[in-house]
Amino acid sequence: MIKNYFIIAWRNLLKQRMYSVIKIGGFALSIAACLLIALYIKDELSYDKNWAHADRIYRITSEFNNEGKIETGVDWPAPMAKALREDFPEVEKAGRFMDAPLFYRAGSNQVRPADVKQNTFEKGFSYTDQDMLDILQVPMVHGDRAHALAEPKTMVISKSKADKYFPNQNPVGKIMILNNDTKNPYKIGGVMQDFPTTSHIDYDFLLTMTGHQFWDGEQTTWMASNYPTYVLLKPGADPIQFQNNLKLIITKYYLPALKAEGIKDAEAIVKNGKLFAQPITGVHLYSSGIDDRLDKGDIKLVWLFGAVAVFILIIACINFINLSTAKSANRAKEVGLRKVVGSDRFSLVKQFLTESLLFSVLSFILGLLIAALLLPYFNTLAGKSLTTPWTAWWLLPAMIAAAIIIGVVAGLYPSFYLSSFKPISVLKGQVSRGSKNSLLRNGLVVFQFTASIVLIIGTLVIYNQTHYLLNRKVGFDKDQVLLVQGTNTLDDKMETFKNELLKSSEIKSVSVSDYLPVSGTKRDGNTFYKEGKTTEGIGLFTQKWTVDYDYLETMGIRIAEGRYFSKDMPDSAAVVINKSMMKKLGLENPIGQRIENGWQKFTVIGVMDDFNFESMKQNVTPLCLVLGKFNSSIVSVKIGGADTKNVISFIGSVWKSFSPDQPFRYTFLDESFANMYADVQRTGRIFTSFAVLAIIIACLGLFALSAFMAEQRTKEIGIRKVLGASVNSITAMLSKDFLKLIIIAMVIASPIAWWAMVKWLQDFAYRIPVGWGFFAVAGSAALFIALFTVSFQAIKAAIANPVKSLRNE
């Protein structure tokens with residue numbers, strides 16, 4: 001009997017080719033989209049779950065209420081890990097990472113084996129405790145994990161880097177030189193397996209903290225916070241109780257440290273601070289409000305893309321239901337005859353469900369192939385390296401189960417609807433008339449286009465927000481600024497290199513500084529006070545950037561009041577502040593006023609306009625510039641002429657004369673600025689792709705429905721034409737009912753899309769308003785697409801020869 005069901009199902013599929021192609025094609029496209037999104041979600045949810053003791057590893061985070069503003073962070077004083085080990089019996093191990101580019105060798109370096117002259121630029125450097133290797137149970141390829149970082153001036157490198165620099169060798173004991181600093185070589189203490197791509201911990205070079213300090217007393221002070229700190233709890237330890245006990249850190253260490261500094265309100269200040277133990281498995285998706293400098297995901301995006309996948313699948317299921325019920329008249333005679341010869345309703349339901357399952361299975365096979373073909377494109381969109389898990393044990397069972405579930409869900413209503421026909425009604429022709437109109441079918445069309453319009457509005461808002469971020473005036477000139485990378489190896493030749501560049505008439509100015517208004521460059525957070533007020537209150541957290549005389553000219557930053565640094569003035573203790581710092585520090589007449597950060601005092605000589613030096617998800621924060629000379633890894637070059645190619649060639653030739661053993665590397669400031677919003681651009685591209693897909697699937701269904709409706713009204717159209725109806729009037733008659741449904745969908749979709757986009761935009765301090773224009777454009781687009789889809793069939797029916805239609809009837 002089952003075989004008979006499938007034979008009949010196959011015959012019906014071939015008999016109605018257009019409708020079958022639309023059913024299977026729409027299903028396959030939606031299944032492909034769902035599979036791609038499922039791979040994305042699986043990848044996002046798998047972050048940091050691969051560590052051996054992932055369920056017992058926690059990152060310590062902070063929250064501080066600064067006069068009503070909640071500030072979060074993950075950086076702790078150097079002795080924090082030791083305090084956690086000694087004062088909390090539930091802690092098995094505690095360790096630290098430190099990858100802030102502010103500190104020499106952290107972040108990125110020019111590297112080479114000791115017996116090689118050529119430098120290679122590498123990222124992924126972090127100072128690390130020996131305990132971190134044990135906490136994470138880092139798999140080792142060479143060397144002993146228990147002692148890999150136990151000695152001073154040692155490092156652990158990843159397998160991929162070991163293969164790159166020491167192919168087919170065991171590099172343990174080999175020497176690496178960083179930034180041509182031959183006085184401080186590093187010995188390789190071990191080779192680890194590459195960190196998994198699904199981890200927020202992603203380093204290739206781990207530099208030991210053993211015997212290292214960045215300044216005298218740095219490893220014992222509680223007044224400088226630079227280390228993300230992790231703990232491994234003992235088996236059976238209660239993480240909630242551990243988190244509650246963390247307040248001991250405040251009372252035992254922070255409070256005495258503040259009092260020792262003479263802070264009068266120390267006890268009131270510490271009451272505003274809280275410590276939390278964040279599971280390592282939650283770092284990637286649940287840290288959107290935490291300032292940790294990580295390239296992380298967001299659980300809201302995971303839910304959003306999951307919802308998009310569900311909506312697309314529902315749209316395809318609606319197509320199936322609509323077409324199955326709309327074509328009911330064509331199956332009515334079959335149902336009537338089957339019932340007359342003794343078939344019961346349950347047998348008919350099984351027959352129609354078999355057809356639905358056949359469509360579903362064929363759609364899944366095609367959808368899986370489409371997903372595999374589109375995966376490289378999707379990886380580009382999402383910034384991922386996903387692969388189709390062909391060899392995974394769960395793939396085939398999951399696909400079979402999903403095909404059955406979706407086939408049954410999509411076919412359940414049509415099966416019961418079609419099997420409910422009464423033979424006598426069929427013989428009287430009442431089913432044919434009833435199939436022309438269906439409240440449920442109209443409701444499903446409305447749902448389809450509601451979802452599609454929401455996606456269109458979302459796409460428009462995300463695109464315009466991205467355009468706004470990339471083109472808004474940010475307070476500095478990011479165009480035509482070339483950044484020469486890796487200049488810290490020039491040492492005392494830096495000034496000569498700068499002067500050589502300035503010999504070109506195409507170069508307007510050159511600045512030497514690692515502190516740039518784009519992410520990924522140096523930051524130096526300090527707490528500033530008015531002179532003599534260091535013991536009063538908590539001070540103002542401010543970025544302190546060390547720059548040279550040409551920084552403002554190169555970056556195009558405007559001085560609003562006072563002056564900038566001058567070689568003709570004694571400015572070694574001078575400072576230029578931004579307007580935000582001036583306002584928040586309460587400096588009404590700032591020029592000439594004195595400020596300090598606890599160990600240095602400065603005289604304010606100028607106030608510059610605010611400029612966005614971090615992501616525009618946050619407001620401009622206090623910033624000050626101080627004059628200094630240091631070995632910067634970046635030299636910024638302002639290009640004045642239009643012949644950029646020749647200028648780059650000139651800079652490259654100068655670089656080669658100064659550093660023949662190091663490749664010339666450069667980027668442009670505007671490219672680095674755009675990279676700050678790569679996640680927003682990725683979201684926009686993904687939304688656009690799925691919005692287009694949703695519209696295509698919805699229009700496939702609308703196209704088939706309009707074709708069927710025109711077919712059902714063939715006789716009516718023929719009579720109207722004989723009586724003198726025009727093509728336009730017949731087209732309008734066939735189109736208006738569908739257009740009414742699209743207008744209803746617009747009304748429903750608009751408030752939903754407005755709410756969703758307003759929520760999304762809340763993450764940005766600088767954002768566009770969600771105005772009526774978005775809804776007008778989205779609605780007009782949906783109307784135009786629907787009208788184009790329906791009109792094709794309507795015009796085809798309207799221009800048909802009425803003689804043929806009436807003769808056929």
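Which strands does helix α16 (residues 494-501) lie across? The helix lies across β14, β15 and β23, running at about 165° to β15. Contact here means heavy atoms within 4.5 Å. Axes are lines fitted to C-alpha atoms, for helices over the stretch in contact, and angles run from 0 to 180 degrees between N-to-C directions. Helices (H or I, at least four residues) and strands (E, at least two) are DSSP runs, numbered from the N terminus.

The model is predicted: local features need pLDDT of at least 70, side-chain atom pairs count only at pLDDT 80 or more, and totals for chains, interfaces and linings use all residues. Residues are numbered from 1 along each chain as its sequence is written, and side-chain values use heavy atoms, with hydrogens and water left out.

Four strands form an open sheet, ordered β15-β23-β14-β24, with antiparallel pairing (at least two DSSP bridges between two strands). β15 (507-512) and β24 (665-668) stand at the edges with a single partner strand each, so one side of each lacks a neighbour in the sheet. The twist averages 25° from one strand to the next. Five bridges join β14 (residues 481-485) to β23 (residues 634-639). Val-481 has Lys-638 in β23 as its bridge partner. Helix α19 (residues 644-658) lies across β14, β15, β23 and β24, at about 25° to β14.

The axes of α22 (residues 714-722) and α23 come within 10 Å and cross at roughly 150°. The two helices are therefore roughly antiparallel (over 145 degrees). Glu-716, Ile-717, Arg-720 and Lys-721 in α22 meet Ile-730, Met-733 and Leu-734 in α23.

Terms used: Angles under 35 degrees count as roughly parallel, over 145 as roughly antiparallel, 65 to 115 as roughly perpendicular and the rest as oblique.
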